[in-house]
Amino acid sequence: MSAPVVITEALRAAQTEETVAALAQRLEEDDYPNAFDSLADWHLMRSLAIHNPELARPYVHLVD
C-alpha cells in the first residue's frame with residue numbers, strides 16, 4: 001500500500017498543465033494497483049478543481 005498523499009498548497013502549486021493531463025489520463029484509465037492510489041489521484045484532482053480551476057477545468061468530469 002502506498003503512503004497517503006497530503007495535498008498541500010505546495011503540491012497544488014507544483015502542478016502544470018502536463019502533470020494534470022497525466023493525472024487525468026491515470027484517472028481515465030483507472031488502472032491502479034490498489035484503490036488507495038486511485039483515491040489519492042482523485043483527491044488531488046478534486047483539490048485542483050477547487051483551488052486551481054484553470055488547470056482542472058478540462059477534466060472536471062473526473063470529479064463529478
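Arg 26 and Asp 41 form a salt bridge, with their closest N and O atoms 2.8 Å apart; the term stands for a side-chain nitrogen of Lys or Arg within 4 Å of a carboxyl oxygen of Asp or Glu. Because Arg 26 lies in helix H2 and Asp 41 in helix H3 (residues 35-51), the pair ties together parts that are 15 residues apart in sequence. Helices here are DSSP runs (H or I, at least four residues), strands are runs of E of at least two, and both are numbered from the N terminus. The structure holds one salt bridge. In general, side chains of opposite charge can pair when their charged atoms come close.

Arg 26 counts as partly exposed, at 38% relative accessibility, and Asp 41 counts as buried, at 11%. Buried means under 20% relative accessible area, exposed means over 50%, and partly exposed is in between, with a 1.4 Å probe and protein chains only. The areas come from the Shrake-Rupley method.

The structure is a predicted model, in which local features need pLDDT of at least 70 and side-chain atom pairs count only at pLDDT 80 or more, while totals for chains, interfaces and linings use all residues. Residues are numbered from 1 along each chain as its sequence is written, and side-chain values use heavy atoms, with hydrogens and water left out.

Seen as a whole, the protein has four helices and zero strands, giving the pattern α-α-α-α when read along the sequence. The radius of gyration is 11 Å, close to the 11 Å that the globule rule gives for 64 residues, so the protein is as compact as a globular protein of that length. This radius is taken over C-alpha atoms, and the rule is 2.2 Å times the number of residues to the power 0.38. Along the principal axes, the C-alpha atoms fill a box of roughly 30 × 25 × 20 Å. Of the 64 residues, 28% count as buried.

Glu 17 belongs to helix H2 and is exposed, with a relative accessible area of 60%. From Glu 17 to Leu 55 there are 38 residues in sequence, but 6.1 Å in space, C-alpha to C-alpha. Leu 23, also found in helix H2, counts as buried at 1% relative accessibility. The C-alpha atom of Leu 23 is separated by 7.5 Å from that of Met 45, 22 residues apart along the chain. In helix H3, Ala 40 is partly exposed at 22% relative accessibility.

What gathers on the surface with Glu 28? Glu 28, Glu 29, Asp 30 and Asp 31 form a patch of negative charge there. Members of a patch have over 30% relative accessible area and no salt bridge, and like charges are joined within 9 Å. Asp and Glu count as negative, and the place of a charge is taken as CG of Asp or CD of Glu. Glu 29 is found in helix H2, whereas Asp 30 is in the loop between H2 and H3. Asp 30 counts as exposed, at 53% relative accessibility. The phi of Asp 30 is near 50°, a positive value in a residue other than glycine. Most residues other than glycine have a negative phi.

Note on methods:
Patches are made of residues with over 30% relative accessible area and no salt bridge: like charges are joined within 9 Å, nonpolar side chains (Val, Leu, Ile, Met, Phe, Trp, Tyr) within 5 Å. Accessible areas come from the Shrake-Rupley method with a 1.4 Å probe; for residues, only the protein chains shown count as cover.
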